[in-house]
2 protein chains.
Amino acid sequence: MSSAAGLAADRGLHYGDGLFETIRCVGARAPLWDWHQERLAGGCARLGLPEPDWRRLQRRLARAASAHAAATVKLIWTAGSAPRGYARPDPVVGRALIQAQVWRPTPPRLLNLCWCQTRLALQPALAGLKHLNRLEQVLARAEWRSADIDEGLMLDMQGRVVAATSANLFIREGGRWLTPELSGCGIAGVARRWLMARCPVVETVLDPEQIKAAEVVVLSNAVRGPLQVGALGGRRWSADTEVQDLQAAWEQQFAATAASP
Amino acid sequence: MSSAAGLAADRGLHYGDGLFETIRCVGARAPLWDWHQERLAGGCARLGLPEPDWRRLQRRLARAASAHAAATVKLIWTAGSAPRGYARPDPVVGRALIQAQVWRPTPPRLLNLCWCQTRLALQPALAGLKHLNRLEQVLARAEWRSADIDEGLMLDMQGRVVAATSANLFIREGGRWLTPELSGCGIAGVARRWLMARCPVVETVLDPEQIKAAEVVVLSNAVRGPLQVGALGGRRWSADTEVQDLQAAWEQQFAATAASP
């Protein structure tokens, strides 16, 4: 499945022809699995890739995850091995790579953010997808080395705020939650979906001034859930009780899974 | 170097964090090696990657190529293995993957082209580079299945013609050679550089109407050199002697290498 010969010819490596999911697990279970599966299936449809054999995949994921009491499991689903060239083989035989690592709790704290210079290109054909073409995020993440900075915010080519390098973005403005719409770029995160299911959130266009002026700024990803931003440029925010409640609800779903038989 | 464990953690696979070259070789030699090396070095500088150990790499390339009298050698240079996350390790230890396949002569013939719907996003930070984020080309190449179609032309998001999925583009218009400028997207091919060194070519913005109206349309890549387009949509072109001369000059450099001691 992941022999060196196979992987060396894999279209994921050659072209980034594939998708990935990062899944937080408790024992062998992933509370948000259905949403990860839906997103991966949707990505396959948009890229023209076959879907995995879900039963077999779930067995492999459970086996990998159960090595730890709590784990984050990275699933990479590629177009598989093929002769050289952009043309996919017919049929495509996808390849799943599964990598688990232990998940350790970190006390929620306020994040320290910077602005990235690297912009996100506008590409509706790929927008929203968690695909393997991530050089923009790599270049953005390489802009800072200080361990004091937790994340960087990225703008698109038109100067609109899209996301952090590895997290979605939310702001509260006049009591309303807003998040960037993702029709041109960005990744539609599973924790973003969780937040939008939990409280009313408006998808819209956000400019940098709105971030600076926001009452609250939150980042989210599927491993850590919602985390509040404490500093960005000269601006400071103090801890917000609504975000603390959201964090507690996020963690509760994993605790509940751990406690259930 | 390419063990399964190493490759499975490679940033080339996870993020497309790397570059590639496709090099036509004669025995152990590559007539255009200096330009491949320059482009790869330039790509490393722009992406912030270390350069390979060139001597060691050339030895490996020569060994791989010499398995065939004539070969195309694909070289992939990635940011190497690393723990999960967009942040590169410090230092980055690059990984070279080298794959040779036999090169076989194909009689030059007029190419049959189509227009692709998939557009190229504008991303100056990556424009010109032969990097591993190639989903746009994969999606464009998936638009046709007919073996009668040799290549597809791609526009950028502003409707300007950039290239074919795996070749650069040239047109002759009023006796002058023109090729798309690549400040926003596209790959600066080695055969493109060869053509521009050989005859005066103006880098400019090209719209689809100019392609249809051109006296001659040519595609180029480092394996096959310049190839003339014979059909695109309803338009037909007949063989052009200037292109035939260019093809002969392209092949001559490989023949000369084969003949030299």
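## Where the two chains meet

In this predicted model, 39 residues of chain B are in contact with 39 residues of chain A. Several elements of chain B take part, for α1 (4-8), α2 (11-15), β3 and α5 (135-141) of chain B each supply at least two residues of the side that touches chain A. The largest share of that side, five residues, comes from α5(B). When the residues on the side of chain B that touches chain A are sorted by class, there are 18 nonpolar, 14 polar and seven charged residues.

## How the copies are related

Two copies of a chain are related by a rotation about an axis and a shift along it. The same surface serves both copies, since 100% of the contact residues of chain B recur in chain A.

## The overall form of chain A

The secondary structure of chain A consists of eight helices and twelve strands. Its radius of gyration is 19 Å, close to the 18 Å that the globule rule gives for 261 residues, so chain A is as compact as a globular protein of that length. Along its principal axes, the C-alpha trace of chain A spans about 50 × 50 × 35 Å.

## The three-stranded sheet in chain A

Chain A has an open sheet of three strands in the order β1-β2-β3, with antiparallel pairing. The edge strands of this sheet are β1 (18-26) and β3 of chain A, each of which pairs on one side only. From one strand to the next, the twist averages 15°.

The antiparallel pairing of β1(A) with β2(A) extends over nine bridges, and the bridge partner of A:Leu19 in β2(A) is A:Trp77. Helix α4 (residues 54-65) of chain A packs on the sheet, where this helix touches β1, β2 and β3 of chain A, and its direction makes about 25° with that of β3(A).

## The three-stranded sheet in chain B

Chain B also has an open sheet of three strands, with the order β1-β2-β3 and antiparallel pairing. In this sheet β1 (18-26) and β3 (95-102) of chain B stand at the edges with a single partner strand each, so one side of each is left without a neighbour in the sheet. The twist averages 15° from one strand to the next.

Strand β2 (residues 70-78) of chain B is joined to β3(B) by eight bridges, and the two strands run antiparallel; within this pair, B:Ile76 stands opposite B:Leu97 in β3(B). Helix α3 (residues 33-47) of chain B packs on the sheet and touches β1 and β2 of chain B, while its direction makes about 175° with that of β1(B).

In another part of chain A, strand β8 (residues 176-180) and strand β9 (residues 201-204) run parallel and are joined by four bridges. A:Thr179 stands opposite A:Glu203 in β9(A). Together with helix α6 (residues 190-198) of chain A, β8(A) and β9(A) make a right-handed β-α-β unit.

## A cis peptide bond in each chain

Most residues other than glycine have a negative phi, and most peptide bonds are trans. The peptide bond from A:Asp90 to A:Pro91, however, is cis, with omega near 0°, and A:Pro91 lies in the loop between β2 (70-78) and β3 (95-102) of chain A. In chain B, the peptide bond from B:Asp90 to B:Pro91 is cis, with omega near 0°, and B:Pro91 has its place in the loop between β2 and β3 of chain B.

How values were computed. Residues numbered from 1 in each chain as written. Chains lettered and ligands numbered in written order. Predicted model: local features only at pLDDT ≥ 70, side-chain atom pairs only at ≥ 80, totals over all residues. Pairing = 2+ DSSP bridges. Axes fitted to C-alpha atoms, helices over the stretch in contact; angles between N-to-C directions. Contact = placed C-beta atoms within 7 Å. Nonpolar A, V, L, I, M, F, W, Y, C, P; charged D, E, K, R; others polar. Right-handed = clockwise from strand over helix to strand, strands pointing away. Rg over C-alpha atoms; globule rule 2.2 N^0.38 Å.
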